[in-house]
Structure formats: C-alpha cells, structure tokens
Amino acid sequence: MMEFALFLGCTIPARLNQYESSSRAVLEKLGVGLVDIREFNCCGYPLRNIDFKVFILSSARNLALAEKKHLNVITLCKCCYGSLKKADYLMKENDSLKKEVNATLEKEGLKYEGKIEVKHLLSVLHKDIGIEAIKGKMATTFRGLKIATHYGCHALRPSQVVGFDNPVAPSLFDQLVEVTGAESIEWPMKLECCGAPLWGIHDKLSMDLTLKKLTDGKKSGADYVCAACPYCHIQFDKVQKMILSQRDVNHPLPSILYTQLLGLSMGVDKKALGLEMNEIPISGIEELLKKERELAEEKELAAQKETKKETASAKD
Amino acid sequence: MFLKVCLYISLVIFLLALIYKVSTWFRYKVGIGVAEISVSTRFFSAIKGILLILFSPKILTLLKVFVLDVLLQFRILREDFLRWVMHIFIYVGFMLLLLMHALDKYITVAIWKNYYSTVNPFMFLRDLFGAMVIVGVLIAIYRRFILKVPRMFTNAMDIYAILIVAVIMLSGIFLEATKMVAYSDYKRMVDEYSGLSDPEELKSLEAYWVKEFGTISPNLKEPFDEIILAKGKELHESSCAGCHARPQWAFTGYGTAKIIRPIGLGIDRAHLPSVLWYVHILACFVGLAYLPLSKMFHIFASSISLLANGVIGKEKIVPANRATLQAMELDACTHCGTCSLRCSVIMAFEEITNMNIFPSEKIASIKTLASGKELSPQELRHIQEGVYLCSNCYRCTVVCPAGINLQDLWFNVRETLLQKGYPEFLVLSPLSFYRGLMKEETVPKDYEKPLIQAREAIAAQCDLMKKKDKVLPLTHADRTLQGGLNLSAQAKTFSVCFGCQTCTTVCPVVGNYENPQEALGLLPHQIMHAAGLGIRDLAFGSNMLWDCLTCYQCQEQCPQGVHVTDVLYELKNLAVKQVREKTLQSMERK
C-alpha cells in the first residue's frame with residue numbers, strides 16, 4: 001500500500017477542518033495510507049519574509065522527522081508544499097547550508113539527508129494513483145458543471161524547484177477536475193495569485209487581486225472556483241465574503257475544495273466532506289450530480305448502442 | 001494547642017491569599033477593551049454567567065467535564081501516559097492522605113467507627129497513599145532533570161512545588177520510621193495500652209517487639225530465648241495486636257526503619273520523632289498557607305478553567321466574562337510545558353533569542369503585564385514579538401491539560417501591545433493572515449495602525465527614498481549589501497540583470513496600479529538595480545518589497561535567470577534585521 005506522512009500545517013487543523021476530513025476520506029477510498037507525525041511543526045512559510053534561517057530550520061525539521069520514518073511527505077497546502085520543496089532543494093544544492101541546518105537539528109537527534117520526496121495532494125492523485133484509477137472509483141459524475149481551476153503559485157513556481165507541472169501551460173489539475181465529469185473552463189487569469197499572501201499585510205491590494213481573479217472566472221462562465229490549498233480557499237471563501245460585504249459586488253464565485261468535488265463524485269460520506277462548513281454556500285453543486293436514474297439510462301443507452309453495433313456488424 | 005494555633009494561623013493566611021488571588025481575576029486587565037470594564041461589572045457578570053449555566057442543560061456538560069477532565073484528567077492522559085501516572089499518583093495519593101490521614105478526626109472517624117491509625121487497613125493504606133505520592137514526585141523529578149522533556153523549563157515555582165510535597169512526604173515517612181525504632185514510643189504505648197506490670201512479661205513483650213518489629217531497646221539485645229519469644233508473642237496477641245497491626249504493614253516507614261536501625265538509640269535520645277513531627281506539621285501548614293500564591297493554586301484555578309472552557313466552547317462570551325476568564329486562566333497554567341512542546345513555531349527560537357516565543361513562558365510575562373506593572377519598552381517589545389510569532393494553529397489550546405484558551409489569550413494580548421505603538425515588523429509577514437481574518441470580529445478600529453507603523457519605521461531609516469527627483473550620487477553605495485544577500489546562495493543572481501523589465505511587466509501587483517511607482521516606490525527591476533548598485537535605502541525603502549505576493553511570476557519569467565522573488569525575500573530579511581536593531585538602539589538611548 002502507498003503510504004505518506006501527512007503534513008497538515010497550521011491553517012488546516014485550525015481553520016479548515018473540512019479539507020482535512022475530505023482529504024482523508026478521499027485518500028482512504030483510493031487506498032493511500034496516511035501516517036500522522038505529531039512532532040511536525042510549521043513549515044516556515046510565514047516567517048520567510050522575516051528570517052530565512054527560521055524558515056529553513058522549520059522546514060528541515062519536518063523533512064527530517066519524515067525521513068526518520070522513511071516516509072514521503074504529502075501536503076494539502078501549496079504554501080507548505082512550496083516551502084518544504086524549497087528547503088529540500090536548497091539543502092541538496094548547498095552543502096554548507098545543509099551542514100549548518102543539521103547541526104541545529106542534531107540537538108534533537110534529527111538529521112536530514114534528502115532521501116525523501118515532498119508531494120502535493122494533487123500530484124499524488126495524478127502521478128501516483130493516476131487518472132484511470134480514480135475514474136474506476138467514481139460513483140457518479142457531474143453534468144453541466146463548469147469549474148475554474150486555480151493552480152496556486154507556490155505549487156507551480158519556481159518550476160525549477162517544485163517540478164509540479166508545466167509552469168506556463170499546466171494541465172494536471174484540469175485533468176483531475178474533468179475526471180469528475182465537470183468541465184474545466186479556460187480562463188485568462190487561471191495561473192494568477194489568489195491574493196492570500198498579502199491578506200493581513202495590505203488588505204486593499206489583496207482584495208483587489210482576489211476580486212479581479214474571481215471576476216475573471218465568473219466572466220469566463222465558471223460556476224465554482226476550485227482550489228487545493230487552505231490559503232487560496234480561505235481567500236476565495238471567507239475573504240471573498242468580506243469583499244462582498246465591503247465592496248459593491250453581487251456576483252460571488254463560490255469556492256469548492258478539490259477533495260470536496262472529488263469526494264462528491266466518489267460518493268464519499270457527506271459528513272466527511274463538510275460542504276456546509278464553507279462560508280459561501282456550495283450545497284447547490286449536489287444538484288448537478290447525475291441522478292441514479294440518469295446514470296442507469298445512460299448505461300442502458302450505451303448498452304443499446306453496443307448491441308446495435310453488434311447486430312450491424314453481424315449483418316455485415 | 002500548638003497544632004490548633006498553627007492550623008488557624010495557616011488557615012487565615014490561606015484564606016486571605018485566596019481572596020487576594022481571586023480578586024486578581026476581576027482586577028487584572030488582559031487584552032483590548034478591558035480597561036473600561038469596572039471590577040463590579042466583571043464580578044456580577046461572572047455570577048450571572050455561572051448561574052445561567054448552572055440552571056441550564058449545560059450542567060450535564062459541566063458534570064461530564066468534572067468527571068473526565070478534572071477528576072480523571074483525561075486531557076493529561078491523552079498527551080502523555082507517564083505524566084498522567086505521575087499526576088494521578090501525586091494528586092490521588094495526596095488527596096486521600098489529606099482526607100483520611102490529616103483530617104482523620106473529622107472524616108475517617110465519621111465513616112469508619114472502628115478507625116485507629118494503627119490498625120489495618122488504615123495503617124497500610126496511609127503508607128500506600130504516601131508511597132503513591134513519592135513515586136509521583138520521583139517521576140516528576142525524573143521527567144524534569146533526567147529525561148529532560150524538550151522545551152520544559154523549570155522555574156522557582158516548579159522547584160518549590162516539588163520541594164514542599166517532598167518535604168511533607170519524607171518527613172511523614174521518617175517520622176513513622178523513627179517512631180518504629182524509638183524505644184520511648186514503644187514504652188509509651190506499653191504504658192498506655194498494655195495494662196501489663198509484671199517485669200517478666202514486659203521483658204518478653206519487649207523481646208518480641210525487638211525481634212519482630214525492629215524496636216531498638218537500650219536494655220535487650222538479640223538473640224532471645226525461644227521460650228521468651230513465644231511468651232512475648234502470646235502477650236502481643238492479647239495486649240497489642242487488637243489495636244496495632246504488625247508494623248510491617250506500614251511498609252514505607254518499616255523499610256526506612258530498617259535502614260536507620262543502626263542509629264536507633266541515638267535517634268531516640270535526640271528526640272528525633274518529635275522533631276520530625278514538627279517538621280511534618282509545619283511543612284503541611286506552610287504548604288496550606290502558601291498554596292494560593294504557589295503553583296499549587298492550580299488545584300483550584302485549573303479545575304475552574306477546565307469547567308469554564310468546557311461549557312463555553314467556541315461560543316461568544318461577553319467581554320466582561322472574557323476578561324475575567326483570561327485573568328483566571330493565568331493562574332490555571334501549571335507551567336507543564338505541553339504547549340511549548342507542541343508549539344508550531346518553536347524553531348524560531350533557534351534564531352531569535354526571546355523566551356516569550358515559548359507559549360509556556362509567555363504566561364509569566366502576560367501575568368506581569370496584566371497586573372499593571374510598569375514594563376520597559378524592551379520588555380514590552382519582547383512580549384509583543386513573542387505573542388506575534390505565532391502561526392495561530394490552535395495547537396496550544398487543543399493540548400493544554402488545564403483547558404486554557406491560549407490562542408485567544410495570545411490574540412488579545414497581541415492587539416493590546418500593538419496599539420501601544422512599538423513597531424512590530426512581524427506584522428509584515430503572512431503571520432498576519434489570521435489577524436486579517438479576525439478583524440471584523442475582534443480587532444479594534446485601529447486595525448491599520450500597526451501595519452502603517454512597521455512600514456514607516458522602515459521608511460524612516462531610508463533617507464534616500466525621500467529625495468525622489470534628485471540625482472543620487474553613487475557614493476552611497478553599500479558594498480556590504482551584496483555580500484549580505486547570501487542566505488540562500490541564490491540571491492546573488494541579481495547581478496546578471498540586464499534591465500529588460502520582464503519582472504515588472506508580469507508582476508500582478510505592479511499591474512494593479514495605474515501609477516505603480518507612486519504606490520509602490522521602486523518596481524522589481526529597479527530594486528534589482530538598486531541591489532546591484534548597493535544602494536541600501538532604495539532597496540529597502542520601497543513599498544514594493546512588502547507588497548510582493550511571492551507568486552514567483554517574475555522569477556519564473558526572467559530571461560536571465562535572476563531569482564527575483566528570492567532576492568526580494570532576502571532584502572526583506574535584511575531590512576527587518578537592520579531596522580530592528582536600529583529601533584532597539586534608539587529605544588535604549590531613550
């Protein structure tokens with residue numbers, strides 16, 4: 001069985017429980033084992049602005065903890081992902097830095113050699129499990145659902161460090177969204193930032209950027225924006241709600257977490273998905289799931305076609 | 001008489017200290033908007049809140065919390081089994097000793113009519129409870145000084161707590177042991193209870209006690225004649241055994257008695273049993289009198305904190321009660337260090353030497369702050385930095401065995417300190433994300449103030465930024481600037497910049513403004529230039545630096561492979577470092 005150390009970070013357990021529960025449920029159905037390491041600490045991302053050393057020590061300690069258990073790391077957050085990747089990259093590239101960091105980790109009996117890999121949930125789904133395997137687990141699919149996929153900066157860039165997907169024309173997330181039967185729309189601002197890194201630092205600017213992006217998604221015909229990162233999602237959800245109340249905007253583009261979307265089509269227990277926990281309601285999405293009757297009809301239709309073909313070929 | 005006087009004195013001190021401590025719950029001011037709430041409002045609001053809960057279905061939750069968390073201490077068990085054993089042993093052992101041994105005349109006698117401290121099961125149980133406490137204390141010492149649990153700090157209060165319990169317990173055990181070997185105690189019991197007067201009989205009994213129970217007699221020495229011992233046994237069974245179990249049952253005392261036997265006669269001659277009795281009694285009374293002012297006060301405060309937070313949950317709480325709750329929670333902290341062990345940002349301490357980063361150590365600082373004591377600007381800055389250096393992950397609150405809502409405490413203190421006006425550069429990091437999310441609910445109207453203050457403090461150190469339209473001489477070049485940008489060994493790449501402005505063109509922040517230079521100061525490619533030229537002020541002073549999303553568009557698209565975002569990161573680090581040092585220096589001068 002595939003097994004990973006689950007790196008939740010700080011935001012998900014504190015403010016986005018539905019992301020954790022839906023991810024656990026989806027990954028369990030797909031046969032991915034998750035190991036919780038209690039000693040994990042903050043990835044260091046919030047402190048990169050202030051102190052590089054604190055950032056790299058924080059990240060490296062997590063990597064060392066996972067390495068001690070011989071486990072690759074799976075992250076649900078793209079900022080955690082970017083930070084852990086960056087630390088891993090820098091330590092591999094710079095031997096003296098690695099020595100310095102390890103000298104500090106040594107105090108706790110830890111050491112990072114660089115023997116493990118850090119993966120984001122989406123790359124585990126796409127590369128380790130595979131689109132075909134996920135297709136096989138679908139209980140039902142969406143009909144007429146238009147999704148604006150949001151890739152997230154720290155997953156895509158710097159591509160040299162993260163190697164997540166093609167940084168200019170990525171398709172990994174679109175494929176994963178389309179497995180559910182939804183349409184992943186083309187939208188000009190798909191690869192732009194969600195605005196979250198400036199939330200709390202420069203709110204006006206942060207809101208400008210978020211609103212611009214969401215308006216673009218809405219204009220391009222999306223029903224929902226879909227994210228796989230707690231920062232991006234909270235920005236699109238709770239912060240969007242604040243934008244709606246402060247600025248004269250009345251066309252929300254609700255955000256759904258990818259694991260909620262996938263979970264719905266996989267028939268995962270509703271409780272684990274926590275749809276009602278999103279600030280901007282998304283329960284309407286369930287109406288777009290094909291009904292059992294429709295599914296049966298579809299199957300019947302396909303079967304009829306098949307027999308028609310067979311009889312036709314028999315005639316020939 | 002002595003006992004009574006001591007008891008009453010210590011009880012009076014205890015009560016006065018208790019009243020004083022409880023009054024601080026209503027007087028201490030933690031957090032924003034508390035200054036305006038009067039003590040009486042807080043007092044009556046608390047009474048009302050308590051009554052409302054007592055007469056609501058929540059009483060059931062309260063009962064559940066009382067049994068599971070207060071009595072059985074599941075929150076400690078969940079955290080660490082060894083620690084739970086330690087705490088349960090000390091607490092159960094001590095409580096039972098208090099009720100059954102110290103208060104035996106009132107409680108034990110009332111329940112068991114045939115109670116005698118020298119008969120079983122009472123004699124055995126007393127030693128069993130004592131042994132439990134001793135084992136607990138030994139585990140506590142082992143954890144603190146041998147196992148060295150990470151990030152558990154030992155302060156004077158912790159040592160006092162271990163010491164007072166250890167002195168009470170050890171003096172009790174030694175008192176018992178010395179009484180076992182002391183001939184005068186044996187003699188007293190024989191005189192008072194045996195009713196024997198025949199010298200032969202007395203000799204037989206004494207021989208039996210010396211042989212069997214380790215009494216040290218100045219008159220008799222082993223070995224004894226079998227006949228005498230048999231006679232002694234008979235006498236023991238008829239005169240003593242009825243109300244004195246075999247001393248072996250008091251196993252801790254008996255074990256100790258065996259060790260001290262060689263000096264048994266000396267012990268008796270020096271009246272050690274009565275000395276130890278005074279030590280034991282006085283230690284108990286000191287413990288009682290000082291309890292409200294010591295760490296042991298957590299017996300009350302932690303229980304109240306568990307109960308209160310158990311029923312309050314995540315619901316809204318009226319400001320007056322929040323203030324009282326948070327002042328009370330400061331006393332509920334046992335300095336156990338669980339929060340520091342689980343804290344998400346502890347690695348910061350490796351680089352930033354400030355004890356206030358550790359949650360367990362913040363409490364003491366916040367207590368001083370809440371008491372209204374004058375603190376120096378440096379001290380305030382340290383507390384401010386400590387409470388801001390927090391990723392708001394709630395782990396401390398989740399794991400706290402006393403159920404303290406630590407996260408809320410940090411948040412509240414953070415806002416109060418930020419409003420005091422000392423620039424805090426951590427506000428310019430994504431640590432502020434949470435503050436932004438909370439602004440509608442709890443952040444006061446001066447939300448922007450700390451953000452502006454931090455930027456202004458940095459800008460104030462960058463004079464050249466103010467000379468916008470002037471020609472700058474390159475003699476300002478700081479040759480150490482380039483050398484300083486070496487944290488990730490990637491930042492030096494700015495030197496290959498050929499000024500194509502791609503970074504600026506693709507930057508979403510630049511793209512957001514009609515006149516970006518007005519809003520942002522220098523734009524990304526200009527900052528690369530400034531870094532290349534070593535003009536510190538220009539590299540540090542632009543808003544662009546702090547408005548960078550770190551989205552890495554610039555870096556990804558740079559045709560020259562300049563790590564633009566990484567350079568900006570390092571400039572931010574350097575700017576904060578230098579400006580922080582300068583503001584600290586100027587504060588010290590003041």
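**Close-up views of chain B**

**View 1. Packing of helix α5 of chain B in the predicted model.** The buried residues of α5(B) pack against α4 (74–79), α7 (122–147) and α8 (156–181) of chain B, where helices are DSSP runs of H or I with at least four residues, numbered from the N terminus, and a residue is buried if 20 or more other C-beta atoms, placed from the backbone, lie within 10 Å of its own. These buried residues are B:Met86, B:His87, B:Phe89, B:Ile90, B:Gly93, B:Phe94 and B:Leu97. They lie on the same side of α5(B) because they cover an arc of only 155° around the axis, the arc being that of the directions from the helix axis to the C-beta atoms.

This is a predicted model, in which local features need pLDDT of at least 70 and side-chain atom pairs count only at pLDDT 80 or more, while totals for chains, interfaces and linings use all residues. Residues are numbered from 1 along each chain as its sequence is written, and chains are lettered from A and ligands numbered from 1 in the order in which they are written.

View 2. B:Val564 is buried, with 31 other C-beta atoms within 10 Å. Leaving aside neighbours within four places in sequence, B:Val564 is in contact (C-beta atoms, placed from the backbone, within 7 Å) with B:Cys503, B:Pro524, B:Met528, B:Cys554, B:Gln555 and B:Cys558. From C-alpha to C-alpha, B:Val564 and B:Tyr106 are 78 Å apart in space, and they are 458 residues apart in sequence.

Key. Buried ≥ 20, exposed ≤ 12 C-beta atoms within 10 Å, placed from the backbone. Helix = DSSP H or I, 4+ residues; strand = E, 2+ residues; numbered from the N terminus. Contact = placed C-beta atoms within 7 Å.
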